[in-house]
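Visitor: Hi, I have a few quick questions about this one. Can you walk me through it?
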Amino acid sequence: YGLEASLFVSTAGDVSSRVTVEKDFLLTQRTILQLRVETSLAVQRVEAFGIGRGLNDVSAGVRLRYELAREFA
């Protein structure tokens, strides 16, 4: 399980953030299914960048990984 959060503040004082959550599921000893969800949030509306206030973007992904060794997947 992994969580990554970033906070951004522009020179104009605009505040936004990005949150990414990842979760690994061990299917076999070497096969891992990884789920990932990322969201972008903004406190203010910034028309110059086409960003609205609130939840702006949500993306989800799935990755299937096979590990030959722990150092090399």
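Guide: Happy to. A definition to begin with: two strands are said to pair if DSSP finds at least two bridges between them. Also, please keep in mind that this is a predicted model.

Visitor: Thanks! So which residue does Val19 stand opposite?

Guide: Val19 stands opposite Thr39, which is in β3.

Visitor: And over how many bridges do β2 and β3 pair?

Guide: β2 and β3 pair over 11 bridges, in the antiparallel sense.

Visitor: What order do the strands take in the sheet?

Guide: The order is β1-β2-β3-β4, four strands in an open sheet with antiparallel pairing. At its edges are β1 (2–9) and β4 (54–66), each of which pairs on one side only. On average, neighbouring strands of this sheet are turned by 10° against each other, with direction ignored.

Visitor: Switching to the surface: which residues make the nonpolar patch?

Guide: Phe25, Leu27, Leu35, Val62 and Leu64 make a nonpolar surface patch of about 480 Å².

Visitor: Where does Leu27 lie?

Guide: Leu27 lies in a loop, the one between β2 (15–26) and β3 (31–42).

Visitor: Now pockets. How much space lies in the largest pocket?

Guide: The largest pocket holds about 180 Å³ of space.

Visitor: And which residues line the largest pocket?

Guide: The lining includes Phe8, Val9, Asp14, Val15 and Ser16, and also Ala42, Gln44, Val46, Phe49 and Ile51. Ser10 and Ala12 are among the lining residues too.

Visitor: Which strands each supply at least two residues of that lining?

Guide: β1 and β2 do: each supplies at least two residues of the lining of the largest pocket.

Notes: Residues are numbered from 1 along each chain as its sequence is written. This is a predicted model: local features need pLDDT of at least 70, side-chain atom pairs count only at pLDDT 80 or more; totals for chains, interfaces and linings use all residues. Side-chain values use heavy atoms; hydrogens and water are left out. Patches are made of residues with over 30% relative accessible area and no salt bridge: like charges are joined within 9 Å, nonpolar side chains (Val, Leu, Ile, Met, Phe, Trp, Tyr) within 5 Å. Accessible areas come from the Shrake-Rupley method with a 1.4 Å probe; for residues, only the protein chains shown count as cover. A salt bridge is a side-chain nitrogen of Lys or Arg within 4 Å of a carboxyl oxygen of Asp or Glu. Axes are lines fitted to C-alpha atoms, for helices over the stretch in contact, and angles run from 0 to 180 degrees between N-to-C directions. On a 1 Å grid over the protein atoms alone, a cavity is a set of points where a 1.4 Å probe fits but cannot get out, and a pocket is an open set with protein on both sides within 12 Å along at least five of seven lines; lining residues have an atom within 4 Å of a point. Grid points are joined across faces, edges and corners, and a volume is the space filled by probe spheres set on the points.
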